[in-house]
Amino acid sequence: MGIEPGRLHFSWISSAESTKFVTVATQVTEAVRALGPNTRFIQPPLAEVA
Amino acid sequence: MTSTTAILREIAARLLSSGAVEMVIGFRQGTIPMMNEPCFVRKPDEVGHLVWDSHCGINLANYLTDRKEKIGIVAKGCDSRNVVTHILENKIRREQLVVIGVPCRGMADKRKIAMKCPGEILRVSETATAITAEGEGFSRTFEKADVLQHNCSLCIHRNPVIYDELAGDLVEEQQGVDRYADVRAVEEMTPERRWKYFEDLLAPCIRCYACRNACPLCYCPTCFVDESRPQWVGKGQDPIDVRTFHFLRAYHCAGRCTDCGACERACPVGINMRLFTKKLEKDCRELFDWEAGLSLEARPALDQYRPNDPNDFIR
Ligand code: SF4
Ligand code: SF4
């Protein structure tokens, strides 16, 4: 689609797996932060369009 | 008149007069050359409208959705696979149908022919291997193989997969076709390059939805693009909305698309949106060993869980 591979993550976490949730959330955040701000699939706010 | 046309008319007349079907769906000559249109024949004395030539690229399975009567449907290879898909998805019952199979030698790409002609084409005629287009002061003959629709040149299921009647001898299937060269080329691009590539590909799109309307898979009573509460996607020409429409449309066809080419054929600006559905077709084939519409017994890829389904992408 043209989105950087590191921006999309899939995980299956049970409600009982709190530590896994923390680990995955941290990893996702770090991976996305490393890529920098997203530039794709962004629409300008309506005020700017008008 | 090609002999297939004669056989089709004979079959249609027989089915209608015996009462085996109430209606036959086929093709008739369009109002302009190379644009045959769907035709619904209800009386035996109307079968003279039916024709068959290299301009029957529309997918007739599109006209079966939720019909209640008994129908004879003319089906080339891809149409028959969409008929199978329709049956699997409970959009029509097998018992309602008499499938009139037409072994197919590929459909002509009207744009390729028009581009090679110096003026407006007023008449076309064809032999088994050549198509002649004529207009004011010109006449051009093309090898049919050179002006096939792209999907037809890559087709490996030319014979109908189900049929009750057959309008001609089965044809030899094309061997050794590399179906996915174009998809691989896109897969190999960097994300930046690919983003740009799709931007260019979709730039001319006017959001007319002809591609959706031509597709037998798109039968939802209200398409997501037409919903306004919630509004999933903007209705204008914003490139992000256009892209969202195209990706979602393609994903809704995942594991169902037969690459019949009706969408690309219908597009007024000539966008090759089949690239998206072909990527999904390729994935289905590689990951789930699935090809759409080949059998009434097998369940579609998205409809079936197997313990060994690939799931490495989930952490
Ligand atoms: S998406 Fe296009 S090629 Fe696929 S079934 Fe629909 S009309 Fe045919
Ligand atoms: S048919 Fe062509 S112009 Fe119309 S919505 Fe589809 S891609 Fe866009």
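This is a predicted model: local features need pLDDT of at least 70, side-chain atom pairs count only at pLDDT 80 or more; totals for chains, interfaces and linings use all residues.
Residues are numbered from 1 along each chain as its sequence is written, chains are lettered from A and ligands numbered from 1 in the order in which they are written, and side-chain values use heavy atoms, with hydrogens and water left out.

Let's start with the domains. Chain B splits into domain 1 (1-107 + 157-168) and domain 2 (178-305), with bounds that come from an automatic or database domain assignment. Taken over C-alpha atoms, the centres of these two domains are 25 Å apart. Domain 1 of chain B puts 22 residues into the contact and domain 2 of chain B puts in 20, contact being heavy atoms within 4.5 Å. Together they bury about 1,900 Å², with 55% of that from carbon and sulfur atoms; buried area here is the accessible area (1.4 Å probe) that two parts lose on being put together, summed over both. On the domain 1 side, Asn62(B), Arg81(B) and Leu88(B) supply 32% of the buried area, more than any other three residues.

What about polar links between the domains? There are eight residue pairs in polar contact, both residues at pLDDT 80 or more. A polar contact is a pair of N or O atoms within 3.5 Å; within protein, one must be able to donate a hydrogen and the other to accept it, and residues adjacent in sequence count only if both atoms are side-chain atoms. The domain interface also has one salt bridge, meaning a side-chain nitrogen of Lys or Arg within 4 Å of a carboxyl oxygen of Asp or Glu. Arg256(B) pairs with Glu89(B) in a salt bridge, with the closest N and O atoms 2.8 Å apart.

Over all chains, the salt bridge count comes to 28. Arg256(B) sits in the loop between helix 8 and helix 9 (262-266) of chain B, and Glu89(B) in the loop between helix 2 (77-88) and strand 4 (97-101), so this pair ties together parts that are 167 residues apart in sequence. Helices (H or I, at least four residues) and strands (E, at least two) are DSSP runs, numbered from the N terminus.

On to the ligands. The residues around ligand 1 include Asn82(B), Arg249(B), Cys257(B), Cys260(B) and Cys263(B), where being near takes a heavy atom within 4 Å. Ligand 2 has 14 residues around it, and Cys205(B), Cys208(B), Tyr209(B), Cys211(B) and Cys267(B) come nearest. Helix 7 (210-214) and helix 8 (239-252) of chain B each give at least two residues to the ligand 2 shell.
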